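User: Please take one close look at a single packing site in this protein and describe it in one connected answer. I would like the cut-off behind each term as you go.

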Amino acid sequence: EALAPLWLERFPNFEKQTSHTSSRNKISSYDDVIITLDDLMPLIEGIDELSLLEKLEWSLIWEKLHALKGDLQIMPNRQKNLETAIVLISNLKGPRPPNNFRDVWKCIRGNVLGSN
């Protein structure tokens, strides 16, 4: 119950489904949790904007990349390109962005957007 408001804030298009065994709204199975590309777009666009800055604000970028990775990990029926994006994001972990961050981001972005 504590996570529901945060989840609905993060994914406003998500609708809770009512269980037939209870009058309370709840998720009845993992199949009910569907994250779509539309849900990921605000995050992707935010990373796009940050990656265009001359001076990269790595803490903000990493926060968004980490959130994106989490979202990708719970997507149903992940394709190979999403797995590739997850690995690329994991490889970016560190105190500073790599020198080729913008190129790596383009690759991550392409893998995620190529999944639709």
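Analyst: The model is a predicted one, in which local features need pLDDT of at least 70 and side-chain atom pairs count only at pLDDT 80 or more, while totals for chains, interfaces and linings use all residues. Residues are numbered from 1 along each chain as its sequence is written, and side-chain values use heavy atoms, with hydrogens and water left out.

D48 belongs to helix α2, residues 37–52, where helices are DSSP runs of H or I with at least four residues, strands are runs of E with at least two, and both are numbered from the N terminus. Leaving aside residues up to four places away in sequence, D48 touches W105 and R109, with contact meaning heavy atoms within 4.5 Å.

The protein has five helices and zero strands, and 34% of its 116 residues count as buried. Of the contacts between residues at least 6 apart in sequence, 61% join residues at least 24 apart.

Two packed helices are described by the angle between their axes and the distance between the axes. Helix α3 (residues 58–73) packs against helix α5 (residues 101–113) at an angle of about 25°, and their axes are 13 Å apart; the axes are lines fitted to C-alpha atoms over the stretch in contact, and angles run from 0 to 180 degrees between N-to-C directions. The two helices are therefore roughly parallel (under 35 degrees is roughly parallel, over 145 roughly antiparallel, 65 to 115 roughly perpendicular, and the rest oblique). The crossing of α3 past α5 is left-handed, which is the case if the near helix is turned anticlockwise from the far one by less than a right angle.

By class, the contact holds nine nonpolar residues, with no polar and no charged ones; Ala, Val, Leu, Ile, Met, Phe, Trp, Tyr, Cys and Pro count as nonpolar, Asp, Glu, Lys and Arg as charged, and the others, Gly among them, as polar.

W58 and F101 also form an edge-to-face aromatic pair, 5.4 Å from centre to centre and with 80° between the planes. The rule is that rings of Phe, Tyr and Trp (its six-membered ring) pair if their centres lie within 6.5 Å, with planes under 30 degrees apart stacked, over 60 edge-to-face and the rest tilted. Because W58 is in α3 and F101 in α5, this pair ties together parts 43 residues apart in sequence. Both partners are buried: W58 has a relative accessible area of 7%, and F101 is at 1%. Ring pairs join W58, W62 and F101 into a cluster.

L72, also in α3, is buried with a relative accessible area of 0%. Not counting residues up to four places away in sequence, L72 touches L40, R78, L82, A85, I86, I89 and V112; L40 is 32 residues from L72 in sequence, with 8.8 Å between their C-alpha atoms. S59, by contrast, lies in α3 but is exposed at 58% relative accessibility.

Terms used. Buried means under 20% relative accessible area, exposed over 50%, partly exposed in between (1.4 Å probe, protein chains only).
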